[in-house]
Amino acid sequence: MVNLANDRWRRFRRAAPHSAVNDPAAPGDEYGRIDGRGQLVRALQQLPMPLRTVVVLRYFHDLSDAEIAADLEISPSTVRSQLVRGISRLKSQFPALSTPSQQPTEGTR
């Protein structure tokens, strides 16, 4: 019973509250954070179910590759490949985050 309770707790525990997307909004801008969270949820909903499941278990429930593989009955290498695909699709939804910002060169004014 204790092991079952521990397994359930591990599976459904939540990571410390943090934004999955680096929010460009000011720290006191609650509306900006809500908008960013809404964009992330919409982007997650556009992912296919297997990719979405792996991304959510990894980054929102903070499970390891081995734990996700055991829960979903897939190999750890499949978990890693689905994470890469899922994250790349999410980054394509947020082009400002996927491209590095242009820094001016030292010699130009």
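1. Helices here are DSSP runs of H or I with at least four residues, strands are DSSP runs of E with at least two, and both are numbered from the N terminus. By that rule the chain has six helices and zero strands, and along the sequence its pattern reads α-α-α-α-α-α.

2. A word on the basis of these values: this is a predicted model, in which local features need pLDDT of at least 70 and side-chain atom pairs count only at pLDDT 80 or more, while totals for chains, interfaces and linings use all residues. Residues are numbered from 1 along each chain as its sequence is written, and side-chain values use heavy atoms, with hydrogens and water left out.

3. For the chain as a whole, 21% of the 109 residues count as buried, where buried means under 20% relative accessible area, exposed means over 50%, and partly exposed lies in between (1.4 Å probe, protein chains only). If contact is taken as heavy atoms within 4.5 Å, then among contacts between residues at least 6 apart in sequence, 56% join residues at least 24 apart.

4. Two packed helices are described by the angle between their axes and the distance between the axes. The axes of helix α3 (residues 49-59) and helix α4 (residues 65-72) come within 10 Å and cross at roughly 135 degrees; such axes are lines fitted to C-alpha atoms, for helices over the stretch in contact, and the angles run from 0 to 180 degrees between N-to-C directions. The pair α3 and α4 is therefore oblique, since angles under 35 degrees count as roughly parallel, over 145 as roughly antiparallel, 65 to 115 as roughly perpendicular, and the rest as oblique.

5. Which residues of α3 and α4 meet? From α3 come Thr53, Val54, Leu57 and Arg58, and from α4 come Asp65, Ile68 and Leu72. The residues of this contact divide into four nonpolar, one polar and two charged, with Ala, Val, Leu, Ile, Met, Phe, Trp, Tyr, Cys and Pro counted as nonpolar, Asp, Glu, Lys and Arg as charged, and the others, Gly among them, as polar.

6. Asp65, which is found in helix α4, deserves a separate look. Is Asp65 buried or exposed? Asp65 counts as buried because its relative accessibility is 18%, and, leaving aside residues up to four places away in sequence, Asp65 touches Arg58, Val79, Arg80 and Leu83.

7. Ser75 lies in the loop between α4 and α5 (76-93), and Ser75 is partly exposed, with a relative accessible area of 32%. Ser75 and Asp65 are 10 residues apart in sequence and 8.8 Å apart in space, C-alpha to C-alpha.
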